Amino acid sequence: MIDVRIETFLTLCRLMNYRKTAEELNMTQPAVTQHIHYLENYYNCKLFIYDRKSLKMTREAELLKKYAENISYQEKKLKTALADKGCRSISIGATKTVGEYVIAGHISRFLKEDNNRISVNIDNTEKLLRALSEGNIDFAVIEGFFDRSRFASKLYRQEPFVGICGADHPFAGREVTLDEAMNENLFVREEGSGTREILEQLLTEQNRSLSEFKEINVISSFGLTSKLLPECGAIAFAYRAAGDQDSMLASFKVKGWDIMREFNYVYLDTPFSESDVEYFDSFRTEKPSE
């Protein structure tokens, strides 16, 4: 069982407010403070400090948080395993491109095995990493960046990052300059999404920004984007797998952008997590390209 003081610590790490932590845990605020002081005395370090009236975690708190998240997750997995009685249940996350265009066949093969059960959460990278930290999913298959010092990972596959447009757009199948691309109407994903972060990083490397495109529209679903691109004569940037699914779409390349990005399994560094990743991965048909 997880020490109640560790649960208090993790809740405070998430909310970063003593009063809100007390309210969520149905405790008094002095009791929350007492739990934190106990941990500080036990580990002989300061866990939280105030900086201009804002609560901050110390380096030691970050280390304890990583440890506590792993222990809390393993406790949840143990309880699930004891209750499942012969079933193999996993809860996974996937970023939108992976979830909508890449992983369906893999999940189908997994579910054909008797007693396999799955829960799939499709969301952006930021929200999936938070779900991992809070122990709400076993692992995620993520496009884009994540903190490798905080999470364990394993390559799922590599995928080209390209421009996408309607099949009859002048860019279809061509290589264009960045200036040409910026004269177009751009459809972009919401902040926090992996593909948007990659595009913003590419632009920053060339001293450019999203604001320089002729017009920008934010659409969180690539499914909707794929329908609008041919009708609106717009462009987007995404993984090639997303465009390959639709004959009405074509890809194009920006000169100098020969981009390959990894899709990775991302998970907490625990034996339970690694076991779930290895088991799910055993139902793949293709090998990840190195």
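Rings of Phe, Tyr and Trp (its six-membered ring) are taken as a pair if their centres lie within 6.5 Å, with planes under 30 degrees apart classed as stacked, over 60 as edge-to-face and the rest as tilted. The views show a predicted model, in which local features need pLDDT of at least 70, side-chain atom pairs count only at pLDDT 80 or more, and totals for chains, interfaces and linings use all residues. Residues are numbered from 1 along each chain as its sequence is written, and side-chain values use heavy atoms, with hydrogens and water left out.

**View A. Aromatic cluster.** Phe110, Phe139, Tyr156, Tyr265, Tyr279, Phe280 and Phe283 are linked into a cluster by ring pairs. The count of aromatic pairs comes to 16. Tyr279 and Phe283 form an edge-to-face pair, at 5.2 Å centre to centre and with 85 degrees between the planes. Relative accessible area (1.4 Å probe, protein chains only) defines buried as under 20%, exposed as over 50% and partly exposed as in between. Phe283 counts as buried because its relative accessibility is 14%, whereas Tyr279, at 22%, counts as partly exposed.

**View B. Largest nonpolar core.** A nonpolar core is a set of buried Ala, Val, Leu, Ile, Met, Phe, Trp, Tyr and Cys residues joined through side-chain atoms within 4.5 Å. The largest such core has 53 residues, of which Phe139, Leu199, Ile235, Phe237, Trp257 and Phe280 touch the most other members. Strand 6 (residues 152-166) gives the largest share, six residues; strands (E, at least two residues) and helices (H or I, at least four) are DSSP runs, numbered from the N terminus. Beyond its neighbours within four places in sequence, Leu199 is in contact (heavy atoms within 4.5 Å) with Phe161, Leu186, Val188, Leu210, Phe237 and Trp257.

View C. A salt bridge places a side-chain nitrogen of Lys or Arg within 4 Å of a carboxyl oxygen of Asp or Glu. The side chains of Glu126 and Arg130 meet in such a bridge, at 3.7 Å from N to O. Both residues lie in helix 7 (residues 125-133), four residues apart, about one turn of the helix. Glu126 is partly exposed, with a relative accessible area of 45%, and Arg130 is also partly exposed, at 41%.

**View D. Further salt bridges.** Asp3 and Arg5 form a salt bridge through their side chains (3.0 Å, N to O). In the bridge between Arg174 and Glu180, the closest N and O atoms are 3.8 Å apart. Lys65, Glu69 and Arg150 are linked in a network of salt bridges.
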